[in-house]
Amino acid sequence: MNFLRGVMGGPSAGMQPSGAETIQKLCHRVASSTLLDDRRDAVRALKALSKKYHLEVGVQAMEHLIHVLQTDRSDSEIIGYALDTLYNIISNDLEEEEQGKHWVENLPKQVDDLGSQFTEIFIKQQENVTLLLSLVEEFDFHVRWPGVKLLTSLLKQQGPQVQQIILVSPMGVSRLMDLLADSREVIRNDGVLLLQQLTKSNAAIQKIVAFENAFERLLDIITEEGNSDGGIVVEDCLLLIQNLLKNNNSNQNFFKEGSYIQRMKPWFEVGDDNCGWSAQKVTNLHVMLQLVRVLVSPTNPPGATSSCQKAMFQCGLLQQLCTILMATGVPADILTETINTVSEVIRGCQMNQDYFASVNAPSNPPRPAIVVLLMSMVNERQPFVLRCAVLYCFQCFLYKNQKGQGEIVSTLLPSTIDATGNSVSAGQLLCGGLFSTDSLSNWCAAVALAHALQENATLKEQLLRVQLATSIGNPPVSLLQQCTNILSQGDKIDRRGSKVQTRVGLLMLLCTWLSNCSIAVTHFLHNPANIPFLTGQIAENLGEEEQLVQGLCALLLGISIYYNDNSLENYRKEKLKQLIEKRIGRENFIEKLGFISKHELYSRAAQKPQPSFSSPDHMMFDHEFTKLVKELEGVISKAIYKSSEEDKKEEEVKKTLEQHDNIVTHYKKVIREQDQELEELKQRISTLTSQNEQLQATVTQQVSQIQQHKDQYNLLKVQLGKDNQHHNSHSDTFQMNGIQTEEVSKLKEELEEWKSKHEVLQGQLGEKDSLTEKLKSSQLEVGTAEQSSQTSKSGGLELSNELHKELEMLRSQIQLQSAEISKLQMENQKLQVMNTAAEPVLGDSSATAANSLDLEQEIKELKSEVKALSEEKESLKQHLDSSRSTVAILQDEKSKLQQELAESKKEQDDLLVLLADQDQKLSALKIKLKDLGVPVEDEDDIESGDQGDEDEDGDEDEQD
């Protein structure tokens, strides 16, 4: 113990041993001691020396410490000391009290190298990392916390190698995810830092962590800590979420599908009192805004970005960001980042862009947010980064937004300018910035106006109408003319800022304006001073700073040639090419044109849409303009070397292609209309086919019911014969009358059902008639679809054949039913004859009355059957007509359709004649029955007669 006291700094006699010797003795004690207490004390001493003697402890003790971790798992205290010692060896934390400042300043790289080397030694055996993962699972605080810190340090030193070992370790990532659920905040917070290092630049681990419910746990921690008002733990959680989402499309989609975007809205609920923001709150909100931007970054796939933008609008997140944007007292850096965030949330999303256009600033009177932002952009007193953010917001608002572009340009047109001057419009602010004495305002306004014209030829033509009043007494000049005037003046105007910046901005605006707009090129060439100015600028040998202007002048001159429609005789394509050949030289022109793409600032601007510049002097190129240069540089180079004959051929080819495009567009439209008509006809065919099947089922059902009625009729006839044989037996007669009365009531109920079915069939018949009229009216429209329906003719003919077969079957059924009607009529006559023969034999009045009632009921049934069969025949005829009209539609033959409709009319007339004949026959039968002495009455009379007969039967029973 005296030895240990000497090591720990206690008093001792004689010479003090050196640090290396002490460490060597302690390592020997750790390796050789059999008592756990001795080993624990030795490891504790090594821990105390590890910070001061970084190298010595690492070299001599690492192997022994790893052995302790493997063998002394049962003692948490020695494990904790060993882990702390390894952490001190591997980490780069230095104690300035124990080490001189000179050493700290001169040897930081050496310390980094030591930590990296010790880490490499430790992870060389992958079992060491697996052992460490198992120790992190221990619940004991003295083991788990040092293990988390050590693993974090290993990831900092050798991240990719340690990540790979953890990735292949069974349940390696899942074990570390349990740290987020630890109730001890120290371990949980260090677990967040560990996962930050673990998920850096490793998509596979990022996916595993995300699907281990990391988003849910981290968002819960952020909510518990108070969202943006929380401490550094909130920042760590946000950085971890940012690691999981950045450049990881799978996790972004998982985040959106899990409805986690909705949980981001409370982060931005800032109160009215915005004074006194803490530094941590500013940092937290800054990272939160960056997290929103990760989800809607322009570098993400368009589909993923669009879906996140819609979700942010639907959950109210965009509205909340706009509230911060228009609030007062918000720190400048938060306001700038909020503007950038809103920019990317609305970029390319029409719904979000429309909402942003409707946002008003809380001023009196209210002004649109766009106008307020543009006022900041053209105000030279505003911070540079804020002005860049506003420009980016304006660009994103106009990106793929023709409606917004039209609204901005309309504020410049004479018909829409506010004559009262009470309100400032966006167009007026842009013009004011374009012609101010601040070069940065000139550049920003020129780029903003160029974005209002991007890929919109209509607005380029409308902007030519804009007139500007330069001074009192002078006539107004066009906006195009004013831009060229300022461009030609060059350095004559005293401006603040870069001398080249204004000219670069105006040249980018003119190039964007004239590209793909021949009318604008004509207006530009109409000014005789423009072409000499451009050729003079290109031909001069200027300094390196002016080369950029020369390249842009060459591009503008090339656009004037390429999009020239030769409407001005003095500035035709061929003459401009000759001018370049004489004044500049083709090779020199191409060389000057190449100055643009070779410039360093051009390469920076081409990388991403957001304008990010270190200083105002570097603000030269716009991202969208770089795309235009890539598109035009090659075609202009080719156009300069083309001869007049090649130009003529090219123009002829262009005209031919335009004609072909118009023809193709016309045919596409015709085909689209024919496809729609064909779909409608197919739907009609399917509807008629289903109706045909329903009618077939109805006919089958009616045939079965007719058969049932025939069976009942035969049964009644047999019963009537038995009644005639036993007419003297009153009891049998009464019994038979009772049976017949029950059957009569049943037949009445069936008669009511047949009436209702008759009404339904009448309704269907009316629908068929209306459909027939519609088909007649549409026969002219069908003619336009003859070409596109050739492919469907074969199918239509097959369906027509099937319908014809069905019609033939229906006709045969009608003929059979007609034969049954005639048969029933013959049987009715026979019954009447039997009735007349049975009257003198039947002496009893009650029996005679009952028989007459039976005969009347049978006659009524026969009439109803005849009527039902006639209705069925009529409905089948109507179905035949509709089927024929359907076949005519499919065959698309107008003459055949008219012929079939005429035949249908003729058949309908025949049906009416048949019905009239049947009505005459029924009336003749009634007359005959009356002549025979059988009373024929209506239904109401029959019911009253039945009631009277029942009363008479009751009286006779009383007399008996």
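**Notes on the aromatic side chains**

1. Tyr-355 counts as partly exposed, because its relative accessibility is 22% (buried means under 20% relative accessible area, exposed over 50%, partly exposed in between, with a 1.4 Å probe and protein chains only). Keep in mind that this is a predicted model, where local features need pLDDT of at least 70, side-chain atom pairs count only at pLDDT 80 or more, and totals for chains, interfaces and linings use all residues. Residues are numbered from 1 along each chain as its sequence is written, and side-chain values use heavy atoms, with hydrogens and water left out.

2. A search of the whole structure turns up 14 aromatic pairs (rings of Phe, Tyr and Trp, the last by its six-membered ring, with centres within 6.5 Å; planes under 30 degrees apart are stacked, over 60 edge-to-face, the rest tilted). One of them joins Phe-313 and Tyr-355 edge-to-face, at 5.7 Å centre to centre and 65 degrees between the planes. That pair links distant parts of the chain, 42 residues apart: Phe-313 is in helix H18 and Tyr-355 in helix H21 (helices are DSSP runs of H or I, at least four residues, numbered from the N terminus).

3. Trp-443 and Phe-613 also pair edge-to-face, with 6.2 Å between centres and 85 degrees between planes. Here Trp-443 comes from helix H26 and Phe-613 from the loop between helix H36 and helix H37, 170 residues apart. Both Trp-443 and Phe-613 are buried.

4. For a cluster, look at Phe-211, Phe-215, Phe-254, Phe-255 and Tyr-260, which are linked by ring pairs.

Key:
Helices (H or I, at least four residues) and strands (E, at least two) are DSSP runs, numbered from the N terminus.
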